[in-house]
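Hi everyone, thanks for coming.

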Amino acid sequence: MASLVGSRVERKEDKRFLTGKGRYTSDINLVNQTYAIFVRSPHARAQIKKLDISKAQKSSGVVSILTGSEIAEDKIGGLIAGWAIRSEDGTEMKCPANPPLAKDIVNFVGDPVAVVIAESLEEAKVAAEKVSVDYKVLKAVTSTADAMDGDTIHEGIDKNLCFDWLLGDRQKVKEAFEKADKVISIDIINNRLIPNAMEPRACLADYNSASEEITLYTTSQNPHLSRLIMSAFGNVSPEHKLRVVAPDVGGGFGSKINVYNEDIVCSWAAKKINRAIKWVAERSESFLTDIHGRDHVTHAELAVTNDGKFLGFKNETIANLGAYARVFGTVTPTYLFGPCATGVYEIPAAYSNVKAVFTNTAPVDAYRGAGRPEATYTIERLVEKASMELGIDKTELRMKNFPTAFPFKQTLVHTVDSGDYVAGMEKAKQMADYNGYEARRKDSESRGKLRGIGVSSYFEACGIAPSAAVMSLGCGVGLWESAEVRFNPTGQVTVYTGSHSHGQSHQTTFAQIAADELGVPIENIDIVHGDTDKGTFGMGTYGSRSLTVGGIAIVNACKKIVEKGKRVTAKMLEASPEDVEFKDGEFIVAKSNKKKTIGEIAFACYLPGVRDEMKSPLPEGEEPGLKETAFFDPSNFSFPAGTHIAEVEIDPETGEVKLEKYTACDDFGRIINPMIVEGQVHGGLAQGIGQALYENAEYDETGQLMTGSYMDYTMPRADNFPEFNIGYTCTHATTNPLGVKGCGEAGAIAAPPTVMNAVIDALGGQEITMPATAEKVWKACKNLKKSNSKAA
Amino acid sequence: MRKVTLEINGNKVEKEVQDNTLLSTFLRDHLNLTGTHIGCDTSQCGACVVHVNGNSLKSCTALAADIDGSKVTTIEGLATNGKMHPMQEAFKKLHGLQCGFCTPGMVMSAVDLLQKNKKPSDTEIRDWLEGNICRCTGYQNIVAAVKEAATKM
């Protein structure tokens with residue numbers, strides 16, 4: 001039987017999506033459901049002096065209006081930060097309470113203060129307009145860089161500082177810098193982004209008064225985790241009386257990890273009014289209230305020798321958390337960021353210092369790449385600048401500082417198990433025709449255009465799991481993953497996974513894995529996820545962990561099935577279990593022609609003696625049935641890496657940047673489905689290039705979001721990209737039996753510095769911030785002209 | 001309220017609608033044709049594209065009452081006798097979709113492109129699809145799928 005792992009298997013999920021049969025949360029309607037509209041703060045920071053619902057309550061169709069007072073009375077818990085971070089001075093981080101409905105104070109535009117529930121959506125909207133809130137507007141803090149100097153937003157949190165965290169050794173870095181021939185320094189803004197999954201968030205909560213069970217359909221990347229949080233911290237319902245279903249989910253990118261206010265409020269309110277409640281975000285609500293990403297202000301320095309050896313690195317970063325710390329809010333700018341600060345290089349001394357601040361903006365949390373794009377941007381911009389200042393070719397300088405052997409023990413945290421960064425660089429250069437660049441530059445020049453080439457090499461730590469590691473770093477839970485593999489008596493297989501697919505293609509990739517492990521045709525394998533009533537508790541999908549953690553749990557559960565199959569076969573065929581081999585779906589007794597198919601074994605396990613020659617049904621002590629569960633907790637993260645090369649052409653008359661070529665050469669270890677991996681790379685690149693050239697979330701000084709719609713926030717479109725040239729090198733991960741590494745975030749991590757390095761190269765080394773809009777680039781072109789004419 | 005008569009995916013539909021009911025809402029909430037998606041509130045994303053009298057239209061930009069008497073095709077009506085349209089087949093074959101949310105609008109838009117331009121270039125495809133936002137695919141495999149479909153239609 002040909003192996004499916006490694007094949008371009010078409011997706012099992014596609015037919016329903018292509019024929020309009022997908023089932024997203026907003027597609028679900030329940031009999032007698034009501035509709036919720038949230039009344040949100042129009043101010044970034046204000047005291048609620050008075051909230052009057054009397055007029056709204058009389059509005060047509062209103063079923064109920066609930067506010068922060070009822071939330072408090074019912075002791076419904078707030079939204080939580082999932083990781084505890086300790087400051088350099090040993091003190092614990094300081095986080096404010098984040099009630100699902102604000103009662104006394106609002107902290108960002110969009111902070112909900114009340115929910116209006118009505119018979120129809122229109123009636124809910126009309127009534128919500130009639131809720132009268134008397135606000136005392138306070139001065140908002142919106143700037144990341146100046147947040148520590150602003151008014152105190154949350155009582156008891158001085159300087160709006162959540163923590164001041166250090167990773168690394170300041171003294172060693174000081175000594176390294178003293179020995180340096182040259183110090184390269186850079187100031188960076190990592191621009192704020194809005195994830196913008198195409199499906200707006202939604203939820204539908206139902207309550208059964210007889211069973212006292214709440215069912216919540218919601219747009220979540222991790223329904224089990226949502227249930228845990230809502231139960232353990234939200235006090236919404238005991239866990240066994242809460243079912244969370246995340247059906248088809250239209251993209252997540254991190255924005256659907258969090259339990260949101262609306263999930264908690266609708267679940268709690270459904271029980272209160274004893275009816276189903278549906279809420280669907282309008283896009284403008286998504287802009288205001290989905291978690292945002294990035295938003296760092298960084299000063300970084302690299303100590304180098306004249307011949308280009310890196311001696312030391314440091315970064316001082318201010319990370320904006322927004323108004324509240326959410327699930328991955330505090331870990332994103334710390335343990336997902338700092339350990340990757342030194343990039344793919346041997347740098348003997350390093351530290352990463354991060355001050356995380358609260359501001360009156362939407363909460364900032366994990367967005368595709370989460371911390372690793374910010375780290376990669378910093379080091380790769382710095383290295384590019386070093387290459388310019390030292391006059392050493394950008395690829396040579398990088399290779400000079402790559403590790404020479406693996407495992408590669410980095411200075412800060414990670415031990416990278418496998419990789420070959422030189423091979424990746426060389427292949428990328430060849431794919432991009434790096435050596436032919438000068439001819440292309442001259443061609444651009446002859447047409448009056450500026451051309452630039454940018455390189456970046458990255459690694460990332462993903463497959464977010466190793467429980468021992470993450471818990472020692474402050475994570476509230478271990479991040480293993482579960483799988484259950486269940487045979488039907490007639491031989492088909494259902495695999496239940498704790499991870500969740502919202503575009504990642506688990507139904508296909510996981511089925512390929514199970515098909516190979518069990519020798520069962522892929523069409524007889526179903527993958528089930530997204531429902532806490534189906535399958536074992538699992539941690540969900542984020543941090544490129546589904547395959548490297550969840551996929552391995554499936555492998556391990558399959559292996560248990562095979563072991564049991566061997567024992568049953570041995571009994572049936574009167575052999576010793578050690579003599580039974582399993583291959584391509586058949587259990588074969590060694591040195592004989594006696595064999596059983598795995599389908600026959602499944603049948604025998606459930607219906608012993610019905611169809612086979614067994615006299616005693618199962619081996620002594622063996623339980624009937626054929627179903628196994630496995631939990632996988634890897635010993636380390638996985639470390640994909642690669643080199644990307646971009647070329648841009650700039651029209652100095654307009655400042656327009658055209659991305660001419662983009663080459664990505666990545667090492668994701670073993671690839672299960674090349675077609676799907678290719679799609680993940682393309683999508684990540686689009687988001688990374690979007691950050692570099694188009695996207696920017698901007699608040700004004702009063703805390704109004706200036707980029708709150710697709711008219712204002714530049715979402716990349718089809719005509720913004722060239723055809724990407726992607727390729728791979730391969731070193732297997734040593735920390736899992738498939739040798740796989742994560743691939744979902746790589747593009748978003750590597751692309752921003754690659755593109756910006758090209759833009760800045762074209763601009764003769766002038767620093768500009770992301771996104772490289774035509775206006776900024778045009779101004780830089782004018783400066784370039786001025787300095788060129790002076791030089792002449 | 002007024003009565004509208006439409007032919008939707010080949011079936012005659014007569015319904016009472018409010019004057020301000022958007023076609024997208026009408027399809028989803030009145031006819032349960034939830035394949036047409038709503039991804040924004042500014043007619044930018046294109047997830048709601050359907051065909052009205054043979055031309056692609058963002059269904060959030062039309063009132064159901066305004067298109068009385070029209071023929072509407074939604075993503076649910078694209079396959080014939082259970083066989084997917086060549087555009088649907090090409091999206092599947094070349095991985096032109098991931099989460100699937102933008103997909104119905106993207107497919108409907110692409111089908112209209114090939115009605116108007118049988119052999120579009122890459123640039124023409126990218127230009128035409130400018131009104132459909134996809135956050136997952138980076139568009140590359142969508143472009144490839146449209147080109148593939150062009151050879152089959």
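A word on the model: it is predicted, so local features need pLDDT of at least 70 and side-chain atom pairs count only at pLDDT 80 or more, while totals for chains, interfaces and linings use all residues. Residues are numbered from 1 along each chain as its sequence is written, and chains are lettered from A and ligands numbered from 1 in the order in which they are written.

Helices here are DSSP runs of H or I with at least four residues, numbered from the N terminus. Two packed helices are described by the angle between their axes and the distance between the axes.

Let's start in chain A. Helix H10 (residues 394–401) and helix H11 (residues 421–431) of chain A have axes that come within 10 Å and cross at roughly 165 degrees. Axes are lines fitted to C-alpha atoms over the stretch in contact, with angles from 0 to 180 degrees between N-to-C directions. That makes H10(A) roughly antiparallel to H11(A), a word used for angles over 145 degrees. Who meets whom? A:Thr395, A:Arg398 and A:Met399 of H10(A) meet A:Val422, A:Met425 and A:Lys429 of H11(A); contact means C-beta atoms, placed from the backbone, within 7 Å. These residues divide into three nonpolar, one polar and two charged. Nonpolar covers Ala, Val, Leu, Ile, Met, Phe, Trp, Tyr, Cys and Pro, charged covers Asp, Glu, Lys and Arg, and the others, Gly among them, are polar.

Now over to chain B. The axes of H3 (residues 103–116) and H5 (residues 140–152) of chain B also come within 10 Å, crossing at roughly 45 degrees. B:Met106, B:Ala110, B:Leu113 and B:Leu114 in H3(B) meet B:Ile142, B:Val146, B:Ala149 and B:Ala150 in H5(B). By class, that contact has eight nonpolar, no polar and no charged residues.

How do the chains touch? In chain B, 44 residues are in contact with 42 residues of chain A. Helix H2 (86–93), H3, helix H4 (122–128) and H5 of chain B each give two or more residues to that side. The side has 21 nonpolar, 15 polar and eight charged residues.

Last stop: is helix H14 of chain A buried or exposed? 13 of the 13 residues of H14(A) are buried, so it is largely enclosed by the rest of the structure. Buried means 20 or more other C-beta atoms, placed from the backbone, within 10 Å of a residue's own. After H14(A) comes A:Gly519, with a positive phi near 65 degrees.

Note on methods: Parallel < 35°, antiparallel > 145°, perpendicular 65-115°, else oblique. Contact = placed C-beta atoms within 7 Å. Buried ≥ 20, exposed ≤ 12 C-beta atoms within 10 Å, placed from the backbone.
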